Amino acid sequence: MPELPEVETIRRELEPLVRDKTIRGVRIERSDIIGFPAPDMFARAILGQRIAELGRRGKYLLVRLCAGTVVRQLLVVHLRLSGQLAVHAARTRPLRFERVRFLLSGGECLVFIEPRVLGRVYLVEEDHLPDVLGGLRHMGLEPIQPEFDAAYLRRKVGHRSARIKALLLDQRIAAGVGNIYSDEALFRAGINPNRPGDALRPREIERLAAALRDVLLEGIKHLGTSMRDSRYRRPNHLPGGFQKLLQVFGREGEPCRICGSEIVACTIANRTSRYCPRCQRR
Ligand SMILES: [Zn+2]
């Protein structure tokens, strides 16, 4: 599933391909992909708007649209588990799992590919997010923001009895963090994913805040993580490179690169967590 580093890579690589292009048409193959407003209104309202820039918040891609010179609306893209964005020549025949196609000025199109039909696109006013985007409105800080420090993380998890892994998956606490980067950050901080939030000592919280930031920045540097079972691809359809540097995620049954113990898996918050029972004993 694309997390912060994957969506940030998509943002950086897609922006030069679509910036300043005007949306000339929309072809909706699956209307359930349109999260807001109703599909016919969505298609009508977006026509003629120009793509000003691409932003990101957590795992959401934010396409800022202009009418004239005024930023009017946001096209919000949530890739969920398997969504992918690509730019092709407008005459390209429909791609496999293509759900929405935006025809752009200049003879190209932006295509939203989503095999599992869980991803969504929304057309909204920047300061009037609809209820369906409540997750975006109530999002916490991102670990790569300077304000995400030990004091912030302690305020968010220090009084919670839930397991730290489950807390890290909460977008109100650590925006943009998902299963891959939370496993990797806990490994780097030497913290067992089953520890309750309120059992962590100040030094551990400090290490965890730093590990979250470092692992996300490295994920961005290596253009995200493409696993065999994840469909994350960059806009040019190429994979990212961080999968080669994973220490625990997807490595259950393999030896820890630090101590040689076997990496184990457990289920937390309905997701599989991986950790080293020796390096993350506590
Ligand atoms: Zn180990």
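Q: Which domains is the protein divided into?

A: In this predicted model, there are two parts to look for: domain 1 covers 4-137 and domain 2 covers 150-275. Their C-alpha centres lie 28 Å apart.

Q: How many residues of domain 1 are in contact with domain 2?

A: A general idea to begin with: interface size is often quoted as the accessible area lost when the parts come together. Here we can count contacts: 18 residues of domain 1 are in contact with 19 residues of domain 2. On the domain 1 side, the elements giving two or more residues are helix 1 (4-18) and strand 6 (84-89). Helix 1 has the largest share, with 9 residues.

Q: And how do the residues on that side of domain 1 divide into nonpolar, polar and charged?

A: There are 9 nonpolar, 5 polar and 4 charged residues on the side of domain 1 that touches domain 2.

Q: Let's turn to helix 7. Which of the residues of helix 7 are buried?

A: The general idea first: an α-helix has 3.6 residues a turn, so residues three or four places apart point the same way. In helix 7, the buried residues are Ile205, Leu208, Ala209, Ala211, Leu212, Val215, Leu216 and Gly219. Because they cover an arc of only 165° around the axis, they sit on the same side of helix 7. On the other side, Pro202 and Arg203 are exposed.

Q: What do the buried residues of helix 7 pack against?

A: Their partners are helix 1, helix 4 (150-157) and helix 6 (179-189).

Q: What happens just after helix 7?

A: Have a look at leucine 223, which takes a positive phi of about 65°.

How values were computed:
Residues are numbered from 1 along each chain as its sequence is written. This is a predicted model: local features need pLDDT of at least 70, side-chain atom pairs count only at pLDDT 80 or more; totals for chains, interfaces and linings use all residues. Domain bounds come from an automatic or database domain assignment. Two residues are in contact if their C-beta atoms, placed from the backbone, lie within 7 Å. Helices (H or I, at least four residues) and strands (E, at least two) are DSSP runs, numbered from the N terminus. Ala, Val, Leu, Ile, Met, Phe, Trp, Tyr, Cys and Pro count as nonpolar, Asp, Glu, Lys and Arg as charged, and the others, Gly among them, as polar. A residue is buried if 20 or more other C-beta atoms lie within 10 Å of its own, exposed if 12 or fewer, and partly exposed in between; C-beta atoms are placed from the backbone. The arc is that of the directions from the helix axis to the C-beta atoms.
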